[in-house]
Amino acid sequence: MALGDAPATGGPDEETEDDALARGAGLEAFGESAETRALLGRLREVHGDRAARELAEERFRVIMDKYQEQPHLLDPHLEWMMNLLLDMVQDKTSPTALMHLAFKFLYIITKVRGYKIFLRLFPHEVADVEPVLDMFAGQDPKDHETWETRYMLLLWLSVTCLIPFDLSRLDGNLLTQPGQTRMPIMDRILQIAESVPSSLLMLSRFITRPDVKQQKMAGFLDWSLCTLARSSFQTLEGVIAMDGTLQALAQIFKHGKREDCLPYAATVLQCLDGCRLPESNQTLLRKLGVKLVQRLGLTFLKPKVAAWRYQRGCRSLAANLQLLSQHRPEQQTLLVPSNCHEDDDVPEGVESVIEQLLVGLKDKDTVVRWSAAKGIGRMAGRLPKELADDVVGSVLDCFSFQETDKAWHGGCLALAELGRRGLLLPSRLAEAVPVVLKALTYEEKRGACSVGANVRDAACYVCWSFARAYEPQELTPFVTAISSALVIAAVFDRNVNCRRAASAAFQENVGRQGTFPHGIDILTAADYFAVGNRSNCFLVISVFIAGFPEYTQPMIDHLVTMKINHWDGAIRELAAKALSNLAPRAPEYSATHVLPRLLSMTRSPDLHTRHGALLACAELTYALYRLAAREGRPVLDYLDEDAVQGLRQIHLQVRVQGLGGELMRQAVCILIENLSLSKMPFKGDTIIGGWQWLVDDTLRSLHLVSSHARQQLKDAAVSALAALCSEYYAKEPGEADPEVQERLIGQYLAELRSPEEMARCGFSSALGALPGFLLKGRLQQVLAGLRAVTHACPEDVGFAESRRDALKAIARICQTVGVKAGAPDEAVCTENVSQVYGALLGCMSDYTTDSRGDVGAWVREAAMTGLRDLTLLLARSRPELIEAHICEQVMCRVAQQASEKIDRFRAHAAGVFLALLHCDPPTPHVPHRAELEQLFPRCDVASVNWNAPSQAFPRVTQLLGLPAYRYHVLLGLVVSVGGLTESTVRYSTQSLFAYMKGIQRYPQALESFGGTLLQVFEDNLLNDRVSVPLLRTLDQMLANGCFEAFTAEEDHPFCVKLLALCKEEIKRSKDVQKLQAMLGAPGGDGVVSSQGCLKLRSQVPWEPRCPGGQWQLRADVWEVQFCGDVRRQALLQLCLLLCHPFPLIRKTTASRAYEMVLTYSDVVGAGALDEVLAVLSDTAW
């Protein structure tokens, strides 16, 4: 590939996933109509070609699947698509393969649109019955490739069997030949039904025909019951047989007339009881059993509308509007029967059916419970009032706390069905509403998680159904309780689906009942989308809703009762913060009722309760302090003596050791911080020493804490220390207690030399968090101790986290003490600023790696952040302290990080670079400021995504044209170009080649670039982090003709030095693993070029995984392209590698040398060429 032939960055084929999704969500019509018509028209041509057939089928699937979520758009086109395909099916001359292909296309359409809609379009004339039967009879049931054909034929047959003529009329003369009879059509259809388990739709419609039920229903039901009796749900064959049989029976009892099915219902129910389906572990069988049971129950009972049911309004919208327009009195909501003597005769099997449905409400699977709930609703609608009321009582018994969450969920579904159908009379609301309110907060802990989200969701459905079922006056006594419960669920539920369900139920009640307090205002703030974010619900929406007095106290009580002791730590933390936010809405209640209750909860034996109560005490106390401060009152105006003493003694009563110690330590640290910020009157108290000991012990024992909780615990302890010192260690404002200062700083500096890395991290952060008055007079000592931590010694080279935290502490201390001339022990000044910059810049070269990867990146990130903060601080206050050479180093080192391979750190470095470039007032001594402002204008800062290699590298490589930045940018760029990540390699390579193409016409710029590249190589010899990707970069640059201008000069200095550095890099390497890694994948793209012919390449594509030694060898091969002594030295190096001790090196060398000799025939004399090629190819290297 020649220079500049690299593909352009980006392109039309690089569309983002978000764009595709956005376009796919707004379809308005079937836009592929013409393509689909053409595709179906070509089926006759492509059915014989397997590749073309599969291509057409796949394209049709893609077109149809696009409308999976909006299938109604296909409706205007279904008829012509079906006609095109059925023409091929009904054409007698069509090959079998074409018929199967047409049915496969019909199935794809059916899958998208649904069989119920598609079914209506099948031809269903009398003349279609026999052809469809004949086609089905010709199918092989064991052919798994053509199952779509059999499926579509069954659907077709289910329509044709509905013709309004006696099927016996279609038989004609059954005697076709003497001694032979043709099977009647009725028997043929029944034979298909019994042999194909999936023919239930066709079967149910066929068996219930008037002419078929007289002759065949009894026999078929007998066959079905025998199948159920001899099948076992413990075998796969039995499950399949029972599945089909149960579905067929359920469909028959659904579509058949009651008088036809009633004689068989008791027998079927008895057989079903014998199958013991509730004991099966097959969800589908249990669901079908419940479905069939309810169909049998409906068969036992006469179809009628319960005269006693509760009804709200009319079924007709026009009638309702007419009543409103005429201002008629409200109609009676309880229907009174015209005939008061209701038929109370209930068949014998109904009780068994009801019992099985109530058992189904407690099933372990949701689909079974849902089917049972619908069955309960349908059955109750046909029962007398007294018996239906007994059913309601049995449903309410599901809400016992001895029952499982499954029973609660099934009970909620049943209540919703009963309420929706008007079968839950207002007299029962006093019993139903309390259990529904309990269900709205139902949660049962199971191990490390909990169950109950489905119960709460179903309870919201009950509230939704009540809103639609009852008149406002019926629900008036319960409005306060229901509205508060729904608001609490919508705001404080852990599960987003439950919050959205509660919001929807609240909205339904506001719209239909109109009695919920402040309903519209709450709905505006807590709509479907707003409640999707949990933090927003707890911390923002809850505060708005609590502004309405009706909801304030219930919300606070719910947080204390249900959320403070929640099993999820994130919920406990959010609940504590929510209590803090709600305290200003009810300060007296929070201080006199909530806080004493929380203090008592801190002594609970349950760990989660103690943890949540501690957090809540801390947040609530600080909230009361802020409220008192706004009113100009002391916090003790809200807190009585018992509360103050309780807060004082908390940390002595809780255990911070052993099980749960991590949680409790963090909570106590948060408590210490908040009590300190609340200015509690503990100054000079012995309790302060206990707090200090707890913070120090926490920082000292961080290595004993689990890694996932370590950072949070350290941050909590450091924040607690900062607040504690600021409030209780100041002798006078701005003046420290000398004794405390000496003890504290001396102890912390000593801990910086701890052999435990986490102890260094903790005490480094602690020193950084100290207030300014404690650092006064000890600044130099503290900075020296932290600088010592940032220096990587052989014994602690892996302590990257301690170096990171020490750098953060140095930067934070500089911000704390500020800048002041001539006071090195009090502030940043001329005497110590160079030392601070030295520590920060020294850590910019930290590339420590361990099993976690490039952990030195954490150090470099902290160093960049510190350099930015310090430089901006000096630029604002004392810009003369920023020396020119320091500023140049800062900008160059940051530019290097902005050109390296890790996306996140590259983006951070770019942000630091641009912040220093565009700060106000401007940073002094920035090299090439004018050029930089042109390359990186302020208006483009926010629009560039520096995480994306495609946007970052084209901009960073422009810095190669600025001499001050070239070395460091090139040092970072070669690591990216020679890296492993495809996107990083791609865009960095393109950007580098684009820059090289631009300087080909400027020999001086090219010479300067080559010199800088060699300097980078020389400075990083034997440093595999740089040298290996550098050799990859060189290979790419030589292959693309980047240094073609150097081939005109014999023994060009660039070529001579490059060869010398390559030899030095590989010299005396005996590490087998390293050499294997260096060789990488065989068959690379390096091909020897002859005397300036740089653009020939191998046909084998470049493998970016091929490291060091392979690239060294290929560099030697590339050196042959140059004239003079360089070529001889390169050939000599190849010959030496042919004698390498390791076979893999010898083999790869011989392969490269062979390619080189073939490409550059002038390297070897014509007389020896054949002999050299024979030796290289025939020797067993």
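Which residues do ring pairs link into a cluster? In this predicted model, the cluster consists of F399, F401, W408 and Y442. Its context is a set of 28 aromatic pairs, found by a search of the whole structure. A pair of aromatic rings is described by the distance of the centres and the angle of the planes. For F401 and W408, the centres are 5.1 Å apart and the planes stand at 50 degrees. F401 has a relative accessible area of 60%, so F401 is exposed. W408 has a relative accessibility of 1% and is therefore buried.

F544 and F548 form another aromatic pair. Here the centres are 5.5 Å apart, and the planes make an angle of 85 degrees. This pair is edge-to-face, because its angle is over 60 degrees. F544 is partly exposed, at 39% relative accessibility. F548 is at 13% and counts as buried, because the cut-off for burial is under 20%.

Charged side chains also meet aromatic rings. R626 lies over the face of Y622, at 4.7 Å from the ring centre. A second case involves R633 and Y638. The charged end of R633 sits over the Y638 ring, 4.7 Å from the centre of that ring.

Helix packing was examined next. Helix α2 spans residues 33-41, and helix α5 spans residues 75-90. Their axes come within 10 Å and cross at roughly 10 degrees. An angle under 35 degrees counts as roughly parallel, so α2 is roughly parallel to α5. On the α2 side, the contact involves S33, T36, R37 and L40. On the α5 side, the residues are H77, W80, M81, L84, L85 and M88. By class, this contact has six nonpolar, three polar and one charged residues.

Another helix pair is formed by α47 (residues 963-977) and α50 (residues 1024-1039). The two axes come within 7 Å and cross at roughly 70 degrees. That angle falls in the range of 65 to 115 degrees, so α47 is roughly perpendicular to α50. From α47, the contact is made by L971, V974, V975 and V977. From α50, R1025, V1026, P1029, L1030 and T1033 take part. Sorted by class, the contact of α47 with α50 has seven nonpolar, one polar and one charged residues.

Two single positions were also considered. I117 is found in helix α7, which covers residues 115-119. Its relative accessibility is 24%, so I117 counts as partly exposed. With neighbours within four places in sequence left aside, I117 is in contact with D75 and L78. I117 and L78 are 39 residues apart in sequence. In space, their C-alpha atoms are 9.5 Å apart. Both D75 and L78, the contacts of I117, fall within the residue range 75-90 of helix α5.

T149 has its place in helix α9, residues 147-160. Is T149 buried or exposed? Its relative accessibility is 1%, so T149 counts as buried. T149 touches M99, H100, F103 and Q139, not counting residues up to four places away in sequence.

Conventions
Residues numbered from 1 in each chain as written. Predicted model: local features only at pLDDT ≥ 70, side-chain atom pairs only at ≥ 80, totals over all residues. Heavy atoms only, no water. Phe/Tyr/Trp six-rings, centres within 6.5 Å; stacked < 30°, edge-to-face > 60°. Buried < 20%, exposed > 50% of the residue type's maximum accessible area, 1.4 Å probe, protein only. Lys NZ or Arg CZ within 6 Å of the ring centre and 35° of its normal. Axes fitted to C-alpha atoms, helices over the stretch in contact; angles between N-to-C directions. Helix = DSSP H or I, 4+ residues; strand = E, 2+ residues; numbered from the N terminus. Parallel < 35°, antiparallel > 145°, perpendicular 65-115°, else oblique. Contact = heavy atoms within 4.5 Å. Nonpolar A, V, L, I, M, F, W, Y, C, P; charged D, E, K, R; others polar.
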